[in-house]
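My entries follow the display.

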Amino acid sequence: VSRQLKEEIRRGFARLEDPLAGLLAMLESSSDWKGKGHSLGYCITTELQLWIKEHPAVPQSGTKLKKLQARVLGMLSQCPANLLDPLISIYQLHTVDRNYLLEHVSHLYLQGDYKEAAILSIKLKLQPDQDVEKMCTPLLLQDKAHLVEDYVGEYPELQRKLLQTLDTWCDPSFNIRDITRPYQGLSRYKPEKFNRRVLSKLVFRLLERFNVDPALCPNVINQRHLRTLNYLFYKRFVEKTMTEENWADHIQSTAGENRWLQGHLVQLLLRHCGARGAARWVRHCRLPPEVLPPAVAEELQKLHVQDRVEEVTKADNYEDSKDYYQLPIPRENIHFLQTWEEMLQCWEKVLQPGQVVGVDMEWKPSFGMVGKPRVALLQLALKDEVFLLDLPRLLQQAEAEGEKEKLPRFIQMLYSDAAITKLGYGMSGDLSSLAATCSALKDTEKQMQGVVDLLAVDKQVDGLSPEHSHGERGVRQPEKGLSLLVQHVLGKPLDKTEQLSNWEKRPLREEQILYAASDAYCLLEIYERLCKDPESFGLGSDLTESLVGKQSKKPRAKKQLNKQEAPSPSGQECQGPRTEPSRPPAPISPREFSVVCDNMLQGLGRYLRCLGVDVRLLDNEDDHRKAAEIARQEGRVILTSGLPYQTLRSQVGEGRCFSVNCSEKAKEQALQVLKHFNVQVSPSDIFSRCQ
């Protein structure tokens, strides 16, 4: 607002006998103030608010003020949000009789102005005298959950009442239509936003925001646990990516002593394992007889007493022949540390200038429950050994000895030392869990130096996306995340069957120890390989320079162009040292050009076929090496990308294997191939082959 306008407004107030009545008369007769943003009415109102502070004699009292307050209240429901606070302050609405205010808000509510009634209640702090369910229900039906959060924001008792109400609505036996029926004619009614799933998410958000005990919402918690049980059965019996011991651990802790969940667990066991198998697990989990269906109870009677549960699912659940990444150091070089004395040897070796350390963390899966996970294991991998730090035990011991800052100090020294290279994968998530575990580490991310987040490399590596993994194994998902990066750079994926383990349970199983050590150690091997030969993976040659020291909140690294490369978009930097430029090949027609496309280049293959090229495509499940067999048998050129190029080019003649830039679209890739092999396309070639 210009200074001149402000001065004019203030002169106007000074000339008025009653500025408060004057402002009100102006607002009532003007339509301008109802607009959004900083209207003239808004400027005049806020200037009066400031002017009153400088002229304390202005505020009125008694009957005259009460009449003005009644008029202001009538305007507030149509008032822009930015005018509410100034008007409430100028006309001292907090001093109005509380019953009168409640009556006014109730009138707004009965007119169907639910949002306006709630906002005014929040501004005038009327919530303790209102029915929280009545006020919030229409707001939820209009998808105004944020306003509901604000409504209960400062009142713990109302937060609990609201959560209990929402939890009642989430009971499977509750008919949600009983709630929605009175509001059928509601304007902006969004019934699709009012269902158990949406309400359940809201409950979890409120529990976390207001730090309320989840036990207050048994229905929502039970439904979430039931979804967890279904997920665990899917992982074990459909995907087959979870060990039996790991799975058994989780189903027991998820069902706990809850009879309702135990009943559902028995039904799931019956469906997936049959009556006899279900009976064995019932005995193993010590489930009470009252939750058992007759068929399972009968099988339980037949079972002889055994020391342990026989394996219900056969060994062929797993592809044991699958070749996973193997830890290249002996088992005795993996150290599980639980005492400060053991920690000292780790400290001395890790905190060495020039050291490269692979860092990873594990925690118990929360399966969507409230709160941030607490780190149960911190892994530090060096070239010849791996240290697994039992974080809960070490923190507990340090606190008992009155030296609870010892471990956080070691971790901070590690992360803030620029002379030590720390390797991680998605470090930001790890560090936020570390901060939740130990409050002294909450600023670690701000202070860290000398870190390489391989998630940033993941964004840059050529051809790296889940559909390029080595074929989907039955219903299993393709490799993704770190496992995909390991497969792409080192040739074999990580075995993730222990990923969802209970990492808080002690002692850790041998499989957990090997998994945890591998997760950290593979970072060292990936980094070493990428540093030695970054160009093979479509990375800039200054990999170390570009990544060390950069933080990883949201990696948005751009792929660097190889400076030796000609302006053409060719990905041929993967072919190793460039030879002297030779004469381009003689021009050929698409009909004379025959290729085999690797399975990550199916789009390119289809595009080339449209142009008349003789194309064979590998299927998703085919091994990359099949391309070399076809190329040799049928005299075709191999088109591939990334790591498979390194393997395939040695299996065919010179110039018979071409690496395509996977980040380009099919059209650009096709132009790159045609240019390299000097294929001349004429109009008669287009669609000359059967598609």
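I looked up glycine 358 and found that it stands opposite alanine 381 in E3. This is a predicted model, in which local features need pLDDT of at least 70, side-chain atom pairs count only at pLDDT 80 or more, and totals for chains, interfaces and linings use all residues. Residues are numbered from 1 along each chain as its sequence is written, and side-chain values use heavy atoms, leaving out hydrogens and water.

I then noted that strand E2 (residues 356-363) and strand E3 (residues 375-381) run antiparallel and are joined by six bridges. Strands are DSSP runs of E with at least two residues, helices are runs of H or I with at least four, both numbered from the N terminus; two strands pair if DSSP finds at least two bridges between them. For aspartate 360, I found glutamine 379 as the bridge partner in E3.

I turned to E5, which runs parallel to E2 and is joined to it by three bridges. There, lysine 422 is the bridge partner of valine 357.

I checked the cover on E2: six of its eight residues are buried (under 20% relative accessible area, 1.4 Å probe, protein chains only).

I traced the whole open sheet as E1-E4-E3-E2-E5-E6, six strands with mixed pairing. Strand E1 (334-337) and strand E6 (451-453) each have a single partner strand, so one side of each is left without a neighbour in the sheet.

Last, I recorded that helix H17 (residues 340-350) lies across E1, E2, E3 and strand E4 (386-389).

Methods
Contact means heavy atoms within 4.5 Å. Axes are lines fitted to C-alpha atoms, for helices over the stretch in contact, and angles run from 0 to 180 degrees between N-to-C directions. Buried means under 20% relative accessible area, exposed over 50%, partly exposed in between (1.4 Å probe, protein chains only).
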